[in-house]
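Student: I have a model open and would like to learn how to read it. Could you take me through it feature by feature?

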Amino acid sequence: MIGNSIIKLSGVDIFQQKHLVLSNVNLHIDKNDFVWLIGQTGSGKSSLLKVIYGDLSISSGSGIACGYDLNKLGSKEIPFLRRKLGIVFQDFQLLTDRSVEQNLHFVMRATGWTDKKLIADRTLDVLEKVGLRSKLKKMPHELSGGEQQRVVIARALLNDPEIILADEPTGNLDPDTSEEIVLLLKQIGQQLGTAVIIATHDYHIIRTFPSRIIKCENSKVLEDVQIA
Ligand SMILES: Nc1ncnc2c1ncn2[C@@H]1O[C@H](COP(=O)(O)OP(=O)(O)OP(=O)(O)O)[C@@H](O)[C@H]1O
């Protein structure tokens, strides 16, 4: 990290195949930042997040994410970068044939956790943070959509991320549950010092939780956008 900076993109061009999606992107995200990412469908929100989590490489400009140089990111480093990022997507992507506990254990083992006691303690710890300690043994289909999304957030917290990237995290949820999920992400950001970026089309929820807004538009990332 450079100072408080968790993400720093300077003059970055973002391509999908040969198509320039976003040009000359300059973006700073600091510890504790809570940022809305908006823009029409196809404007480049997911592409921007993909650059941050190392799924799209950059060839021009410079980029740092959680201390990793995105210009030089090799395939060996990507798993380590991903451990510093909590990723929360619209479709919950829980393993449907495993319990909440097993879903969390699966990710922990895949990211190098071996000590059974530490695994058990951390599982309860993150479930406590999302208010689902009692659902440890439940299968995903036994949970509501909002509860499933909370498990995804718990999973994203396992490795103490510096930033949570959420791509349409409320896209499948009703308005009240959406507010609960955003409130939870906001509280996590405040309590743990984790930065949060949420890509959304839902202006109602942005108005409910006013914060910094960035927008993908006409191949640019615009800063400090106001919405009507
Ligand atoms: N894997 C891919 N291969 C080629 N082009 C892609 C790929 N993924 C996205 N694109 C293109 O890149 C552009 C930006 O897409 P992106 O998914 O980043 O937009 P978005 O703002 O996240 O859209 P949405 O709001 O619909 O999720 C679009 O023109 C899209 O068609």
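Student: Let me begin with aspartate 125. In which helix does it lie?

Tutor: Aspartate 125 belongs to helix α4, which covers residues 116–129.

Student: How far should I trust the coordinates?

Tutor: This is a predicted model, so look at the confidence scores. Where pLDDT is low, the predicted coordinates should not be read in detail. Here the protein chain has an average pLDDT of 93, and 98% of the residues score at least 70. For the complex, the predictor gives an ipTM of 0.96 and a pTM of 0.92.

Student: Which domains does the assignment give for the protein chain?

Tutor: The assignment gives domain 1 as 1–81 + 162–223 and domain 2 as 85–160. Taken over C-alpha atoms, their centres are 22 Å apart.

Student: How many residues of each domain are in contact with the other?

Tutor: On the domain 1 side there are 19 residues, and they are in contact with 15 residues of domain 2. On that side of domain 1, β7 (163–167) and α6 (175–192) each supply at least two residues. Helix α6 has the largest share, with 6 residues. Sorted by class, this side of domain 1 has 13 nonpolar, 3 polar and 3 charged residues.

Student: What about the largest nonpolar core? Which residues touch the most other members?

Tutor: That core has 56 residues, and those touching the most other members are Leu37, Leu48, Ile163, Ala166, Leu185, Val196 and Ile197. Helix α5 (residues 145–157) gives the most to this core, namely 6 residues. Because domain 1 and domain 2 both give residues to the core, it lies between them.

Student: Which residues is valine 196 in contact with, leaving aside its neighbours within four places in sequence?

Tutor: With those neighbours left aside, valine 196 has contacts with Phe34, Val35, Ile164, Ala166, Leu185 and Gly189.

Student: Now the ligand. Which residues come nearest to it?

Tutor: There are 13 residues around the ligand, and Gln16, Thr41, Lys45, Ser46 and Ser47 come nearest. Strand β2 (19–30) and helix α1 (45–52) each supply at least two residues of this shell. The largest share, 3 residues, comes from α1. By class, the shell has 2 nonpolar, 10 polar and 1 charged residues.

Student: Why is α1 described as largely enclosed by the rest of the structure?

Tutor: The burial count answers that: 6 of the 8 residues of α1 are buried, so the helix is largely enclosed. The buried ones are Lys45, Ser46, Leu48, Leu49, Val51 and Ile52. After α1 comes glycine 54, with a positive phi near 75°.

Student: How should I read a positive phi in other residues?

Tutor: Most residues other than glycine have a negative phi, and most peptide bonds are trans. In this model, asparagine 218 has a positive phi near 45°, and serine 219 has one of about 65°. Asparagine 218 sits in the loop between β9 (212–217) and β10 (220–222), and serine 219 is placed in the loop between β9 and β10 too. Asparagine 218 counts as exposed because it has 12 C-beta neighbours inside 10 Å. Serine 219, with 16 other C-beta atoms within 10 Å, is partly exposed.

How values were computed:
Residues numbered from 1 in each chain as written. Predicted model: local features only at pLDDT ≥ 70, side-chain atom pairs only at ≥ 80, totals over all residues. Near = placed C-beta within 6 Å. Helix = DSSP H or I, 4+ residues; strand = E, 2+ residues; numbered from the N terminus. Nonpolar A, V, L, I, M, F, W, Y, C, P; charged D, E, K, R; others polar. Core = buried A, V, L, I, M, F, W, Y, C linked by C-beta atoms within 7 Å. Buried ≥ 20, exposed ≤ 12 C-beta atoms within 10 Å, placed from the backbone. Domains from an automatic or database assignment. Contact = placed C-beta atoms within 7 Å. pLDDT = per-residue confidence, 0-100.
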